[in-house]
Amino acid sequence: MYKTISIEGMHCQHCSAAVTKALAALPGVSGVSVSLEQGQAVLDAGSNSDAALREAIEDIGFDVTAIK
Ligand SMILES: [Cu+2]
């Protein structure tokens, strides 16, 4: 299932790369695309819960403001 995650705190390419890596590391996730400008990640989350997605991002120091 495709999800759009709104993320606060990404300031540069290193930040968006770190978010991409953290999301892609979750089992079953594919097609991760992170936009630094929009502060959003779009991905096929597979069977991961919103809570798991949120935790993966918060674990590396960014804030999740919405998951749709
Ligand atoms: Cu950065």
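**Figure 1. E1 and E3 pair in the antiparallel sense over 5 bridges.** Two strands count as paired if DSSP finds at least two bridges between them, and helices (H or I, at least four residues) and strands (E, at least two) are DSSP runs numbered from the N terminus. This is a predicted model, in which local features need pLDDT of at least 70 and side-chain atom pairs count only at pLDDT 80 or more, while totals for chains, interfaces and linings use all residues. Residues are numbered from 1 along each chain as its sequence is written. Ser-6 has Gln-40 of E3 as its bridge partner, and Thr-4 stands opposite Val-42 in E3. Strands of a sheet pair through backbone hydrogen bonds, either parallel or antiparallel.

**Figure 2. The hairpin of E2 and E3 has 4 residues between the strands.** Strand E2 (residues 30-35) pairs with E3 in the antiparallel sense over 4 bridges. The bridge partner of Ser-33 in E3 is Val-42. Within the hairpin, Gly-39 takes a positive phi near 65°.

**Figure 3. Four strands form an open sheet in the order E2-E3-E1-E4, with antiparallel pairing.** E2 and strand E4 (63-67) are the edge strands, each pairing on one side only. From one strand to the next, the twist averages 25°; axes are lines fitted to C-alpha atoms, for helices over the stretch in contact, and angles run from 0 to 180 degrees between N-to-C directions. E1 and E4 are joined in the antiparallel sense over 4 bridges, and Ile-7 has Val-64 as its bridge partner in E4. The protein chain has 2 helices and 4 strands, which follow the pattern β-α-β-β-α-β along the sequence.

**Figure 4. E3 has a covered face and an uncovered one.** Ala-41 and Leu-43 belong to the covered face, whereas Gln-40, Val-42 and Asp-44 belong to the uncovered face. In a regular strand the side chains alternate between the two faces of the sheet. Leaving aside neighbours within four places in sequence, Ala-41 is in contact with Ile-5, Ile-7, Val-19, Leu-23, Val-32 and Val-34. Contact here requires C-beta atoms, placed from the backbone, that lie within 7 Å.

**Figure 5. The largest nonpolar core has 15 residues.** Such a core is a set of buried Ala, Val, Leu, Ile, Met, Phe, Trp, Tyr and Cys residues joined through C-beta atoms within 7 Å. A residue is buried if 20 or more other C-beta atoms lie within 10 Å of its own, exposed if 12 or fewer, and partly exposed in between, with C-beta atoms placed from the backbone. Ile-7, Val-19, Leu-23, Ala-41 and Ile-57 have the most contacts inside the core. Strand E1 (2-8), helix H1 (13-24), strand E3 (40-44) and helix H2 (50-58) each give two or more residues to this core. In soluble globular proteins, nonpolar side chains tend to be buried together.

**Figure 6. H1 lies across E1, E2 and E3.** The direction of H1 makes about 160° with that of E2. H2 packs on the sheet, where H2 touches E1 and E4 and runs at about 155° to E4.

**Figure 7. Leu-53, Ala-56 and Ile-57 are buried in H2.** Seen down the axis of H2, these buried residues fall within an arc of 95°, so they line one face of the helix. The arc is that of the directions from the helix axis to the C-beta atoms. The buried residues of H2 pack against E1, H1 and E4.

**Figure 8. Met-10 lies in the loop between E1 and H1.** Met-10 counts as buried because 23 C-beta neighbours lie inside 10 Å. Not counting residues up to four places away in sequence, Met-10 touches Cys-15, Ser-16, Val-19, Leu-36, Gly-39 and Phe-62. Met-10 and Gly-39 are 29 residues apart in sequence, and their C-alpha atoms are 6.8 Å apart in space.

Notes. Two residues are in contact if their C-beta atoms, placed from the backbone, lie within 7 Å.
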